[in-house]
Amino acid sequence: MKFANEHEVQLMLEDLKEQVCQANLDLVKHGLVTLTWGNASGISEDRQHVVIKASGVAYDDMQPRHMVVVDLDGNVVEGQLRPSSDTPTHVLLYSNFKTIGGITHTHSRFATVFAQARLEIPCLGTTHADHFYGAIPVTRPLSEEEVTEAYEVNTGQVIVERFAELAPVAMPAVLVAGHAPFAWGPTVAKSVENAVALEAVAEMALGVRQLVAEPIPLESYVLDKHFLRKHGPDAYYGQTPEK
């Protein structure tokens, strides 16, 4: 999408700042954030700019003016504060996953338990299947060199590597081994929704593993039915948007 002039671009960015600020506040509302451990970002409609929260800003004080605008090289183009330290990861994901419009990174309790255990979250039931098409994948660990040289960039790289044969639209989440989850969606608000769903299914999966040593994965035909009725070409879940 192209914009006619700088005024239109600025209006777009101001609107995106509002959306990204609200998304970050929603992380607190949904109980996904401890202290300042988390961030949400959104990419502009022309995919030229990313808006992300400033590093270390307390959620109690957060306002749209605390959002920072960066370009796709991670350079700050607007804002007086330093962007989140995870900005290089977000930017790299936007550059590689062309269908996503928002990213949420948290250290939510149950999803992070699986990330630290370096285990994928198995699809055990229809709640999971409604949001994620299969088990939530986990990345390989970063090497010492990858951590030392460009940690945040390489965090994005191992995610992209893990998705070599996965579709980000069908699997809008990942666990970074030893770290924590990332979720995404077509908008920043949808990425928060997927982060909420991720935490819920992680808690359910952990509970099932406490009851059953080797849980039975959901049957593939049930997975197909639940995911595709919400996300497939003939989806019929929910209401048809008004024209």
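The legends below describe close-up views of a predicted model.

**View 1. The seven-stranded open sheet.** Seven strands make up an open sheet, arranged in the order β4-β3-β2-β1-β5-β7-β6, with antiparallel pairing. From one strand to the next, the twist averages 25°. Strands of a sheet pair through backbone hydrogen bonds, in either a parallel or an antiparallel manner.

**View 2. The pairing of β3 with β4.** Strand β3 comprises residues 67–71 and pairs with β4 in the antiparallel sense over two bridges. Within this pairing, V69 stands opposite E78 of β4.

**View 3. Helices packed on the sheet.** Helix α2 (residues 87–96) packs on the sheet and touches β1 (38–43), β2 (49–53), β3, β5 (102–106) and β7 (181–185). The direction of α2 makes about 35° with that of β1. Helix α6 (residues 188–211) lies across β1, β5, β6 and β7, and runs at about 135° to β7.

**View 4. Helix α7 and its buried residues.** Helix α7 consists of 12 residues (220–231); at 1.5 Å a residue, the helix should span 16 Å, which agrees with the 16 Å between its end C-alpha atoms. The buried residues of α7 are L223, H226 and F227. These residues cover an arc of only 90° around the axis and therefore lie on the same side of α7. The cover over the buried residues of α7 includes α4 (126–129).

Notes:
Residues numbered from 1 in each chain as written. Predicted model: local features only at pLDDT ≥ 70, side-chain atom pairs only at ≥ 80, totals over all residues. Heavy atoms only, no water. Helix = DSSP H or I, 4+ residues; strand = E, 2+ residues; numbered from the N terminus. Expected span 1.5 Å × (residues − 1). Buried < 20%, exposed > 50% of the residue type's maximum accessible area, 1.4 Å probe, protein only. Arc of directions from axis to C-beta. Contact = heavy atoms within 4.5 Å. Pairing = 2+ DSSP bridges. Axes fitted to C-alpha atoms, helices over the stretch in contact; angles between N-to-C directions.
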